[in-house]
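Reader: I have a sequence and a model in hand and would like to go through them with you. Could you take my questions one at a time?

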Amino acid sequence: VHMMFLRALLLLFAFSTTTTSAFCVHQKPCGGRKVFSSLLAASFDEYQINGGETSVAIKDLVMGTGDTVQDGNVLTVAYKGTVLQTSENFGQGTFQFKFGEKKVMQGWNDAVEGMRLGGSRIAKIPPSLAFGDKGQANIPPHADLQVDIELQNVQQGILAEIAMELGLKKDLRTFGIFFFLILFFLAPVLPIS
């Protein structure tokens, strides 16, 4: 009986890594809060560098057709960042973060809020939502940033978080199935009290 319970628990755990399928519309309520609540700069084209902007300005290039970003999702994004004052590239590549947590600058969360899987956009981020008066590495203090973003993956669940912490960027379903199979076949030899 314990073995069947353990296998059922492992099955539930392994397949808890799923993508979300909620639908949020720009400027409409989503999950009890307003989408893009802090993103309302005058307009993308009228964004003023060094002008004291207090919100992220976005311009969607491709509207995604997949899952919509929600709090707690583990996101994989490809990006290219530019300091607007100098037009210098401050970084590019792919990285993962958990949406809604404060482990990234607030401008990142604001920039991807409401995006759908497969979408791409350009976001202009004011210093107050980036690195402020401290700067960081090759980003000077008081820098307005522009980030070109492509949302490549939206996942949720404990396995997505574990894989993110371990730096795994592969498909998390593959990771989950592999993890499940290992535990499934080890379950008969694990001591259960």
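This is a predicted model: local features need pLDDT of at least 70, side-chain atom pairs count only at pLDDT 80 or more; totals for chains, interfaces and linings use all residues.

Reader: How many bridges join E4 to E5?

Author: Strand E4, residues 74-83, is joined to E5 by 10 bridges, and the two run antiparallel. As an example, valine 77 has phenylalanine 95 in E5 as its bridge partner.

Reader: On to the aromatics. How many aromatic pairs does the structure hold?

Author: It holds five aromatic pairs. One of them joins phenylalanine 95 and tryptophan 108, whose ring centres are 5.0 Å apart. Their planes stand at 75°, and edge-to-face means over 60 degrees, so this pair is edge-to-face.

Reader: Where do those two residues sit in the chain?

Author: Phenylalanine 95 is in strand E5 and tryptophan 108 is in helix H2 (residues 106-112). They are 13 residues apart, and the pair links distant parts of the chain.

Reader: Is tryptophan 108 buried or exposed?

Author: Tryptophan 108 has 8% relative accessibility, so it counts as buried; the cut-off is under 20%. Tryptophan 108 also forms a tilted pair with phenylalanine 97, at 6.0 Å centre to centre and 50° between the planes. Since phenylalanine 97 lies in strand E5 and tryptophan 108 in helix H2, that pair ties together parts 11 residues apart in sequence.

Reader: And what is the relative accessible area of phenylalanine 97?

Author: The value is 4%, and phenylalanine 97 is therefore buried.

Reader: Which residues do ring pairs link into a cluster?

Author: The cluster consists of Tyr79, Phe95, Phe97 and Trp108.

Reader: A change of topic: how many cavities of 30 Å³ or more are there?

Author: There are two. The largest cavity holds about 50 Å³ of space.

Reader: What lines the largest cavity?

Author: The lining residues include Asp60, Met63, Gly114, Arg116 and Ser120. E3 and strand E6 (120-125) each supply at least two residues of that lining.

Reader: How do the residues of that lining divide?

Author: Three are nonpolar, four polar and three charged.

Methods
Residues are numbered from 1 along each chain as its sequence is written. Side-chain values use heavy atoms; hydrogens and water are left out. Two strands pair if DSSP finds at least two bridges between them. Helices (H or I, at least four residues) and strands (E, at least two) are DSSP runs, numbered from the N terminus. Rings of Phe, Tyr and Trp (its six-membered ring) pair if their centres lie within 6.5 Å; planes under 30 degrees apart count as stacked, over 60 as edge-to-face and the rest as tilted. Buried means under 20% relative accessible area, exposed over 50%, partly exposed in between (1.4 Å probe, protein chains only). On a 1 Å grid over the protein atoms alone, a cavity is a set of points where a 1.4 Å probe fits but cannot get out, and a pocket is an open set with protein on both sides within 12 Å along at least five of seven lines; lining residues have an atom within 4 Å of a point. Grid points are joined across faces, edges and corners, and a volume is the space filled by probe spheres set on the points. Ala, Val, Leu, Ile, Met, Phe, Trp, Tyr, Cys and Pro count as nonpolar, Asp, Glu, Lys and Arg as charged, and the others, Gly among them, as polar.
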